Amino acid sequence: MADQGTETAARTLADPPEGHYADADGVRYHYLDLGTGDPTVFLHGGGPGCTGWTDFGPVAPLFARDRRCYLVDILQYGRSEKCVISGPMWDSHAAKTVALLDTLGVARADFVCNSWGGTIALALAAHYPERVRSLVVTGSMPVFHGPLAPLPEGGRRGRAARDAYFGGEGPTPAKMRELMARLEWYDPAAIPEHTVALRYQQSVDAEEMALAGASDSPRGEWQELSTELGRIQAPVLFAWGMYDAFLTPDYPLMLARMVPRGQLYVMDRAGHHLQEERPQDYYQLVTGFLRQDHG
């Protein structure tokens, strides 16, 4: 694993490179395309202002050394289409993501995902097993129960944080930093100012603000995946932060037992965004898993 000085340097986030657009079953995605090699799709979390780059920018250049990395802005985020989603939300996202793979000419890929994006990938793996070689999932909540106790705030902590961020006087850089410090990072002092700025700038996008203020469930029907997890054929690494504010490590241990080929790694000194907090260590862990012969 990397030393602390290397990790600190790696957390610095540059401006994103030039992106691309692709049409997929009637919607338009924005994505970044880095490197060459085995196709690897990165799906980000659902926090205000999150994009493929804000969530995975610190680690993308490491993976791009020997992989074709697609950093996708999921629908309703970043520069992807701010469409209204109807029907079960994870099934809808999964189907559109498969359509994006078709447009990109990607038959089968590894998926590296955080939070919201991880739940999308789990649904995709359950319904389209031939498209997924392996999965790395961090901080996702595909089921609404814990192994021993109720989930914090009934599993609604993220939605409550989003409402608070967009509510009141509306988004501000200070509110963005507070949200990240309270819920996403283990060490608030390590949060890069440029990451805060990029997240804030994206969060005040007019279409993103309109979605946040909508009262007609534009994100689709909330969906639980207990049944689907048992159908996943691909190996799944649940890579978790010891101090994840949403879901303590007993939760991903439960998930690792619910999928047929699940395993769990818990990283110290990390919260909900360990790929940003500990990018070198995250890369070494994940690339080792991806390089295994998964069949």
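**An open mixed sheet and the helices around it**

Helix α6 passes helix α7 in a right-handed crossing, a crossing being left-handed if the near helix is turned anticlockwise from the far one by less than a right angle, and right-handed if clockwise. Helices here (H or I, at least four residues) and strands (E, at least two) are DSSP runs, numbered from the N terminus. The structure is a predicted model, in which local features need pLDDT of at least 70 and side-chain atom pairs count only at pLDDT 80 or more, while totals for chains, interfaces and linings use all residues. Residues are numbered from 1 along each chain as its sequence is written, and side-chain values use heavy atoms, with hydrogens and water left out.

To locate this helix pair, α6 covers residues 157–166 and α7 residues 173–184. The two pack at an angle of about 165 degrees, with their axes 10 Å apart; axes are lines fitted to C-alpha atoms, for helices over the stretch in contact, and angles run from 0 to 180 degrees between N-to-C directions. Helices α6 and α7 are therefore roughly antiparallel to each other (angles under 35 degrees count as roughly parallel, over 145 as roughly antiparallel, 65 to 115 as roughly perpendicular and the rest as oblique). On the α6 side, R157, A161, A164 and Y165 make the contact, and α7 contributes K175, M176, L179, R182 and L183. Contact means heavy atoms within 4.5 Å.

The next element to look for is the sheet. Its 8 strands form an open sheet with mixed pairing, in the order β1-β2-β4-β3-β5-β6-β7-β8. Two strands pair if DSSP finds at least two bridges between them. At the edges are β1 (20–24) and β8 (262–267), each pairing on one side only. From one strand to the next, the twist averages 25 degrees.

Strands β1 and β2 run antiparallel and are joined by 5 bridges; they form a hairpin with 2 residues between them, and D25 in the turn has a positive phi of about 50 degrees. Residue A24 has V27 of β2 as its bridge partner. Strand β2 then pairs with β4 in the antiparallel sense, again over 5 bridges, with L32 standing opposite L71 and D33 having Y70 as its bridge partner. Strands β3 and β4 run parallel and share 6 bridges, and P39 stands opposite R68 in β4. Further along, β3 (residues 38–43) and β5 (residues 109–114) pair in the parallel sense over 4 bridges; here L43 stands opposite C113 in β5.

Helices pack on this sheet. Helix α4 (residues 89–104) touches β1, β2 (27–34), β3, β4 (67–73) and β5, and its direction makes about 115 degrees with that of β1. Helix α13 (residues 279–290) touches β4, β5, β6 (132–138), β7 (236–241) and β8, with its direction at about 155 degrees to that of β6.

Helix α4 also meets helix α5 (residues 116–127): their axes come within 8 Å and cross at roughly 75 degrees. The two helices are therefore roughly perpendicular to each other. Among the residues in this contact are W90, H93 and T97 of α4 and W116, I120 and L124 of α5.

How enclosed are the strands? In β2, 6 of the 8 residues are buried, so the strand is largely enclosed by the rest of the structure; buried means under 20% relative accessible area, exposed over 50%, and partly exposed in between (1.4 Å probe, protein chains only). Strand β4 is mostly covered, with 6 of its 7 residues buried. In strand β1, A24 counts as buried because its relative accessibility is 0%. Leaving aside neighbours within four places in sequence, A24 is in contact with Y29, K96, A99, L100 and T103. A24 and D102 are 78 residues apart in sequence, yet 7.8 Å apart in space, C-alpha to C-alpha.

Finally, the cysteines. The structure holds 0 disulfides, a disulfide being a pair of cysteine sulfur atoms within 2.5 Å. For C83, the closest cysteine sulfur, in C50, is 17 Å away, too far for a bond. C83 counts as buried, at 13% relative accessibility. C113 is likewise in no disulfide, and the nearest cysteine sulfur, that of C69, is 12 Å away. With 0% relative accessibility, C113 counts as buried.
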